[in-house]
Amino acid sequence: KLPPGLVASFRSTLEELHEANLLVHVVDGSSSQIKEQYMVTENILKELKVIDTPRLTVLNKMDLIKTHGDINWIKVSIPGAVSVSAFNVQDMLKLRNLVLDYFKSTLELWEILLPYAESRLEAKLYEQASIENKRHLEHGTFYRLKIDANMARQLNLQKFRI
């Protein structure tokens, strides 16, 4: 029920979802229309053809829900969602860790020997990868690292892989 111009600008912003590795869908857990609002977003994700993008659904404002019956109804309405209150530090740490764990799970293990002449890549490795082991050898530096496959390709690491 929004003006067409506003819908068009939202849609162009939402087109960027195609670039996302993980969608975090935050739902107002205190809303009386929680199921309807959730379904509107799900339908938009289908229309945009990003419904298969990995997603973490978050029920926020759970601090405003007072009865166990209401909490249970909300959790049943959107199964698999994570319940949080943005005012609860522990909830935010839990959410942060879920996001970090997702990205850690997508990383690939690489072992490379980076010649000393290619040391310009070293800073990029520290920016983009999780270095598990590093040893200076005669012909270069050995790295055992975890990195996103696309980033490894962008950095052309395959030519250093051992």
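E111 is partly exposed, with a relative accessible area of 28%; the classes used here are buried (under 20% relative accessible area), exposed (over 50%) and partly exposed (in between), with a 1.4 Å probe and protein chains only. The structure is a predicted model, in which local features need pLDDT of at least 70 and side-chain atom pairs count only at pLDDT 80 or more, while totals for chains, interfaces and linings use all residues. Residues are numbered from 1 along each chain as its sequence is written, and side-chain values use heavy atoms, with hydrogens and water left out.

**Salt bridges between strands**

- Seven salt bridges turn up in a search of the whole structure; the term stands for a side-chain nitrogen of Lys or Arg within 4 Å of a carboxyl oxygen of Asp or Glu.
- One of them links the side chains of E111 and R144, at 2.6 Å from N to O.
- Because E111 belongs to strand β4 (residues 108-114) and R144 to strand β6 (residues 140-147), this pair ties together parts that are 33 residues apart in sequence.
- Strands here are DSSP runs of E with at least two residues, numbered from the N terminus.
- R144 is partly exposed, and its relative accessible area is 28%.
- R144 also meets E132 in a salt bridge, with 3.3 Å from N to O.
- E132 sits in strand β5 (residues 130-137) and R144 in strand β6, so the contact ties together parts that are 12 residues apart in sequence.
- E132 is partly exposed, at a relative accessible area of 40%.
- Through shared partners, salt bridges join E111, E132, R144 and K146 into one network.

**The E118 and R120 pair**

- The side chains of E118 and R120 form a salt bridge, at 2.9 Å from N to O.
- E118 counts as buried at 17% relative accessibility, whereas R120 is exposed with a relative accessible area of 60%.
- In general, side chains of opposite charge can pair when their charged atoms come close.

**The three-stranded sheet**

- Three strands make an open sheet in the order β1-β2-β3, and their pairing is parallel; two strands pair if DSSP finds at least two bridges between them.
- β1 (23-28) and β3 (82-83) are the edge strands, each pairing on one side only.
- Strand β2 (residues 55-60) runs parallel to β3 and is joined to β3 by two bridges.
- L59 has S83 in β3 as its bridge partner.
- Strands of a sheet pair through backbone hydrogen bonds, either parallel or antiparallel.

Note on methods
Helices (H or I, at least four residues) and strands (E, at least two) are DSSP runs, numbered from the N terminus.
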